[in-house]
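Please take a look at the fold described below.

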Amino acid sequence: MQIAIVLFDRFTALDAVGPYEVLSRLPDAKTVFVAEQAGPRRSDTGYLTMVADRSFDEVTSPDIVVVPGGPGQTEQMTDNRLLDWLRDTDATSLWTTSVCTGALLLGAAGLLRGRRATTHWLALDELARLGARPTSDRVVVDGKYVTAAGVSSGIDMGLRLLGTIAGDEHARAIQLMIEYDPQPPYDAGSPAKAPAQLVETLRATSRFTQEARP
C-alpha cells in the first residue's frame, strides 16, 4: 500500500508528521513524500526542512493521499499542478485525506463538494465557501474522504484510518507504541473550551479573517 504525503513550502510540520507516524506502520505500507518537484520544502517556521522524495509526475496512483495544511496552503489554492494531481490521484485512491487547512486544498480541487468535512476551526467558513458541509468534529469520514481538524488531530485521523484498514487491535497497538495518551496542561484546545477573549483574539488576527475583508 502506497501512502503519498504532500509537501509544499510553509506547510505545518505536525500536519504531515502526525499521520506519517501512524500510517507508516500499516502492514506493507510504503510512504512517499511528494511535491510538484522533488527536493526540500521548509515548514511554516522556516527552521524545519523535509524532503519530497518524488515529484507529482512520479507518483500517479497512491492508495492513500494525505494533504497537510499550513500558511503556505493559501498560495497552493490556485496551483493547478497540485489541484490537478489531487483530482487525478483521487480518481483511483482508496482514501483521500487531509489535516487542518489541507481540507481547503481538497475543497479547491472540487473533491469535498456536498460532503461533510472538517478543518482548523478558524477556516470552517472558508471550507463552506468551497462547497463542503463543515463540522467542528475532530475527525470526519465521508465515504473515502477523511478530514481532520487542526494540526494535532492528524494523529487521531491516522489512528481512525489505521483501525479501519488494519483492524482495531492493530490500531490500539500502534497507539500504545507511540504512547499517544494526551493529557494537556490546559483545557483550551478548542474554541468551545478556550476563554472567549482568547478565541476572539485569534479570530481577529487570523489570516482567514484578513483574507475575507474587502
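Which residue in strand 11 does Val141 stand opposite? Val141 stands opposite Val146.

## Basis of the model

This is a predicted model, in which local features need pLDDT of at least 70, side-chain atom pairs count only at pLDDT 80 or more, and totals for chains, interfaces and linings use all residues. Residues are numbered from 1 along each chain as its sequence is written, and side-chain values use heavy atoms, with hydrogens and water left out.

## The sheet

Seven strands form an open sheet: 7 strands in the order 5-2-1-6-7-11-10, with mixed pairing. Strands (E, at least two residues) and helices (H or I, at least four) are DSSP runs, numbered from the N terminus. Two strands pair if DSSP finds at least two bridges between them. Strand 5 (54-55) and strand 10 (139-142) are the edge strands, and each pairs on one side only.

## Helices on the sheet

Helix 1 (residues 13-23) packs on the sheet. It touches strand 1 (2-6), strand 2 (30-35), strand 6 (64-67) and strand 7 (95-99). Contact means heavy atoms within 4.5 Å. The direction of helix 1 makes about 170° with that of strand 1. Axes are lines fitted to C-alpha atoms, for helices over the stretch in contact, and angles run from 0 to 180 degrees between N-to-C directions.

Helix 6 (residues 153-166) lies across strand 6, strand 7, strand 10 and strand 11. It runs at about 160° to strand 7. The axes of helix 6 and helix 7 (residues 168-177) come within 7 Å and cross at roughly 145°. Helix 6 gives Leu159, Leu162, Gly163 and Ala166 to this contact, while helix 7 gives Asp168, His170, Ala171, Ile174 and Gln175. These residues divide into 5 nonpolar, 3 polar and 1 charged. Ala, Val, Leu, Ile, Met, Phe, Trp, Tyr, Cys and Pro count as nonpolar, Asp, Glu, Lys and Arg as charged, and the others, Gly among them, as polar.

## Two hairpins

Strand 10 and strand 11 (residues 145-148) pair in the antiparallel sense over 4 bridges. Asp142 stands opposite Tyr145. The hairpin has 2 residues between its strands, and Gly143 takes a positive phi near 65°.

Strand 3 (residues 39-42) and strand 4 (residues 49-52) are also antiparallel, over 4 bridges. Pro40 has Val51 as its bridge partner in strand 4. Here 6 residues lie between the strands, and Gly46 in the turn has a positive phi of about 85°.

## Domains and pocket

The chain is divided into domain 1 (2-182) and domain 2 (184-213); the bounds come from an automatic or database domain assignment. Their C-alpha centres lie 23 Å apart. In the contact between them, 11 residues of domain 1 meet 9 residues of domain 2.

Both domains give residues to the lining of the largest pocket, so it lies between them.
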